[in-house]
Amino acid sequence: MWTLRDEFSNVEIGSSSHFRNLTLFPLIRHNGAIREPDYLLLEDAISQGKVRVTELHAGGSVPELRLENAANLPVLVVD
């Protein structure tokens, strides 16, 4: 039976990266098959022409945007 304990025993915390008040620690998985993610990052999807981001209303409002996804995968939008 697969458990989280088994999975986490294969994970190492990498060196941190800092930017202003944000610190990120990569999680590095050992002894596991490397798979391509089953999603696209927003920047990649836009550069591939698979996603279009527009203003929701003609007058424009920063917090209200429309994202049209023509890709075969979901798109990860980090806000």
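How many nonpolar, polar and charged residues does the lining of the second largest pocket have, by class? I shall begin with the basis of the model and then return to that pocket.

This is a predicted model, in which local features need pLDDT of at least 70 and side-chain atom pairs count only at pLDDT 80 or more, while totals for chains, interfaces and linings use all residues. Residues are numbered from 1 along each chain as its sequence is written, and side-chain values use heavy atoms, with hydrogens and water left out.

Let me turn to the chain as a whole. It has two helices and eight strands, taken as DSSP runs numbered from the N terminus (helices H or I, at least four residues; strands E, at least two). Their order along the sequence is α-β-β-β-β-β-α-β-β-β. The C-alpha trace spans about 50 × 35 × 25 Å along its principal axes. The radius of gyration of the chain is 18 Å, whereas a compact globule of 79 residues would have one near 12 Å; the radius is taken over C-alpha atoms, and the globule rule is 2.2 Å times the number of residues to the power 0.38. Of the 79 residues, 9% are buried, where buried means under 20% relative accessible area, exposed over 50%, and partly exposed in between (1.4 Å probe, protein chains only).

Now to the pocket. On a 1 Å grid over the protein atoms alone, a pocket is an open set of points where a 1.4 Å probe fits, with protein on both sides within 12 Å along at least five of seven lines; lining residues have an atom within 4 Å of a point. The second largest pocket has a volume of about 160 Å³, the space filled by probe spheres set on the points. Its lining consists of Leu42, Val53, Leu65, Arg66, Leu67, Val77, Val78 and Asp79. By class, that lining has six nonpolar, no polar and two charged residues; Val and Leu count as nonpolar, Asp and Arg as charged. Strand E7 (residues 65-69) supplies the largest share, three residues.

Arg66 lies in strand E7 and is partly exposed, at a relative accessible area of 39%. Beyond its neighbours within four places in sequence, Arg66 is in contact (heavy atoms within 4.5 Å) with Arg52, Val53, Thr54 and Leu56. The C-alpha atoms of Arg66 and Leu56 are separated by 5.3 Å, although these residues are 10 apart along the chain.

Finally, Arg20 sits in the loop between strand E2 (17-19) and strand E3 (22-24). Its phi is positive, near 50 degrees, and Arg20 is exposed, with a relative accessible area of 76%.
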